[in-house]
Amino acid sequence: MTKYIGKSIKRLEDKRFLTGQGRYTDDIKLHNMSYAYILRSPYAHAKVNKIDTAAAKKAAGVVAVYTGADIPEAIAGVPCGWQVDFKNGDTMKEPPHPLLVRHKVRHVGDGVAVVIAETYAQAKDASELINVDYDIMDAVTCPKKAMEAGAPLVHDDVPNNLAFDWELGNPKEEVAAALAGAAHVTELEFVNQRVVPNAMEPRSAIGVYDTAYDKYTLYTTTQNPHLIRLLMCAFVLGIPEHKMRVVGPDVGGGFGSKIFHYAEEALMIWCTKELERPVKWTSDRSEAFISDAHGRDHYTNAKMGFDKDGKIVGLQAYTYANMGGYLSTFAPAVPTYLHGTLMQGLYTTPKVNVDVNGVFTHTNVVDAYRGAGRPEATFLLERLMDLAALEMEMDPAELRFKNFIPAFDGVKEEGYMTQVALQYDSGNYEPVLERGLEMVGYKAFREEQAKQKDSNKLLGIGFSTYIEACGIAPSAVVGALGARAGLFESAQVTVHPTGKVSVYTGSHSHGQGHETTFAQVVADKMGIPIEDVEIIHGDSDTVAFGMGTYGSRSLAVGGSAIVKSIEKVLEKGAKVAAHLLEASPEDLDYEDGKWTVKGTDKSVAFGDVSLTAYVPHNYPEGLEPGLDFSSFYDPANFTYPFGCHIAIVEIDKETGEVKLKRFIAVDDVGNVINPMIVDGQIHGGLAQGIGQALHEGAIYDETGQLINGSYMDYCMPRADDLPSFEIDRTVTPCPHNPLGVKGAGEAGCIGSTPAVVNAVVDALWKGGYKVKDVKMPMTPERVWTAMQS
């Protein structure tokens, strides 16, 4: 029988995607469908005095026009799903996030009215007839400036625009003492700039109300249908959960931006009830730039101290994290529990303190974007490490070897307890750097770099050795940290009478290849052909419950839930097989899809057992028929992938242009189910991380206008911007989940950005330009200007 785990099987779902047969939310056409267009504020901060919709209501094809005044005050708006309180114990400031603004807009793109018409074009045309009387006010877009005295307030009842302040690690005075006694202190102030997710498929939502059954259906571009249902029913609209169905059909990418419960989803459900007909809203690309949650946007000052031998003695970090105009679903978790808790990195740093201010500004909301806090933490640590090596005239690889946590497997040796609350599961960090150095030909590169010093082209190499936390759990821990939901996963494995298998998973794919990878796990564990397995996800009426897909959790949490259900199926199957073979279940071995009596050739196939379970004529007494099991899996700990990324760049001294010549990635994501899919995930993450370093960045002016809110101005990485990636892996299994997997979806995005920035700074430094930092994205203008200064 074929073994499937570890095989590069082509993705089973790709046939429908490559032949244009995918079914995305905007593809759905329903009887009597109407179309919504949302009128959004052109101002970042303004009072709304009056909204005149009379002309719009008379326009051709218009069905209805609603403003915030039409929505009952009992509907406060979309909630935040994570609570981070102040250091002094005060509750996080959580102002309402309305479905449509009533009195004041707080960022460009805030929704003020919705027009519903027979066609999208009619709705959009009619929106231009709405007259909104605004009083424009001053805006603030920088989180540091937003906390200054006299800064415009985003919410009148939030002093200093401070949503929360938060601290983790050793006491500040202990870290200060360590830094004061250090032989060398490296300090860096930088901005981890805001980026726009830009998933290939824009967001879309369709609200449907069935008058006959008093039931609602929401079709939406989401990464977690059940969570959207829970938030919308329990906290927004007050609809009983059993009356609400949420369907996430095929989803064309998310990168985190489709995790959250957006106002448009609840708004479409409210509108469909009002009109008693389906209502569809689909964002266009310009709208997505100002309404999809953005990522990153941290302003940070950090200090790292070293003793005379290069050992780290302490780390102090201060960060102002931009929340935007409101708190998005998981926004408070990103700069705190997904960022601050990773400040140990791969190093034995004995004293660590991280201090974070979450700040409201007159900008679009900021939330999880691929990596979500982990890239920001890695950037901080790895920029400090390479810069410290330059300042102390040490080799950056050697500096890391001096400070790596010793190897541990989490079984024979206990997991590593950090200074910032986490306990790493297993790790062996030296081999990833050793392999990276081998692949890059490090000694030869340094020799070539020295020869290039006086030429017009500068060569540089940058390192990043990272760790991330994935499979965020267990629920009790994240609950104590502020999560307002559990972070388990569910799976149901249904064996049909003919031995075919349907798997219902609460994980939801938006490009990861779940229908292939999960099928590989099932086929391998059950010893059946992969063609006999189907994977079903994305519909709250079909899948009992689930927490969706984000944080590289699908295999570690969702896959483990599937394995638990498989184990239950095989345990019951063994009882049926034992009855048929006139043996004890303990005397049977299961392999290659059949149970065999140990030491004999007597066996019974899986298909025969499954048929017997549903036609129980010759059946164990007292055993109920059927072969169908569900499981909920709540992990014992996070998982901790890690790796080494190395970038080589060439800089034109005359123009400042940076060319990425090579990129090496050695990642350890635990056991690998499908190497080809993991490679693809790494490639995609690398492109995004490199894109942030060299090309991407959302720019707001002082009035709060997003001045590069289209592809004419917002630079995305293209194929010809990237070299062929050189990738490899080490394998350090996770000790606490049944598959030994750690997660691969975000790894490429986490280590790559600082590697590229470090390479540019290395090139400049070795070329005689003592430049500590170049602001991202590192455009030719910025690099050239840094050289002149």
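Predicted model: local features only at pLDDT ≥ 70, side-chain atom pairs only at ≥ 80, totals over all residues.
## Helices α9 and α18

Helix α9 spans residues 374–392 and helix α18 spans residues 747–766. Their axes come within 8 Å and cross at roughly 25°. Because angles under 35 degrees count as roughly parallel, α9 and α18 are therefore described as roughly parallel to each other. The crossing in which α9 passes α18 is right-handed.

On the α9 side, the contact is made by R374, P375, T378, F379, E382, R383, D386, L387, L390 and E391. On the α18 side, the contributing residues are C749, I750, G751, T753, P754, V757, N758, V761, D762, W765 and K766. Divided by class, the residues of this contact are 10 nonpolar, four polar and seven charged.

## Helices α17 and α18

Helix α18 also meets helix α17, which covers residues 675–694. The axes of α17 and α18 come within 7 Å, with a crossing angle of roughly 35°. Here too the crossing is right-handed, with α17 passing α18.

From α17, the contact draws on I682, G685, L686, Q688, G689, I690, Q692, A693 and L694. From α18, it draws on A747, G748, C749, S752, T753, V756 and V757. The residues of the contact of α17 with α18 comprise nine nonpolar and seven polar, with no charged residues.

Some residues of α18 take part in both contacts. C749, T753 and V757 are among the residues that meet α9, and C749, T753 and V757 are also among those that meet α17.

## Helices α6 and α7

Helix α6 consists of residues 225–237, and its axis comes within 11 Å of that of α7. The two axes cross at roughly 65°. Since angles of 65 to 115 degrees count as roughly perpendicular, α6 and α7 are therefore placed in that class. The passage of α6 across α7 is a right-handed crossing.

In this contact, I228, M232, V236 and L237 of α6 meet E265, A266, I269 and W270 of α7. By class, the contact of α6 with α7 has seven nonpolar residues, no polar residues and one charged residue.

## Cavities

Rolling a probe the size of a water molecule over the atoms shows where empty space is left. A search of the whole structure finds four cavities of 30 Å³ or more. The largest cavity holds about 270 Å³ of space. It is lined by 26 residues, of which H97, Y262, A263, E264 and S291 are the closest to its centre. Strand β1 (34–40) and helix α7 (263–275) each supply at least two residues of this lining. Helix α7 gives the most to the lining of the largest cavity, with three residues. The lining divides into 13 nonpolar, nine polar and four charged residues.

The second largest cavity has a volume of about 50 Å³. Its lining consists of R296, H298, A321, N322, M323, A331, V334, P335, V366, D367 and E376. Strand β14, residues 312–324, gives the most to this lining, with three residues. By class, the lining of the second largest cavity has six nonpolar, two polar and three charged residues.

## The second largest pocket

The second largest pocket has a volume of about 620 Å³. It is lined by 29 residues, and those that lie nearest its centre are Y299, A698, I699, Y700 and K775. The lining of the second largest pocket divides into 12 nonpolar, eight polar and nine charged residues.

## Local backbone features

R296, one of the residues lining the second largest cavity, has a phi near 65°, a positive value in a residue other than glycine. R296 is found in the loop between α8 (285–291) and β13 (298–306).

A further feature concerns the peptide bond from M776 to P777, which is cis, with omega near -10°. P777 lies in the loop between α18 and α19 (780–788).

Methods. Residues numbered from 1 in each chain as written. Heavy atoms only, no water. Axes fitted to C-alpha atoms, helices over the stretch in contact; angles between N-to-C directions. Helix = DSSP H or I, 4+ residues; strand = E, 2+ residues; numbered from the N terminus. Parallel < 35°, antiparallel > 145°, perpendicular 65-115°, else oblique. Left-handed = near helix turned anticlockwise from the far one by under 90°. Contact = heavy atoms within 4.5 Å. Nonpolar A, V, L, I, M, F, W, Y, C, P; charged D, E, K, R; others polar. 1 Å grid on protein atoms, 1.4 Å probe; cavity = no way out; pocket = protein on both sides within 12 Å on 5 of 7 lines; lining within 4 Å. Points joined across faces, edges and corners; volume = space filled by probe spheres on them.
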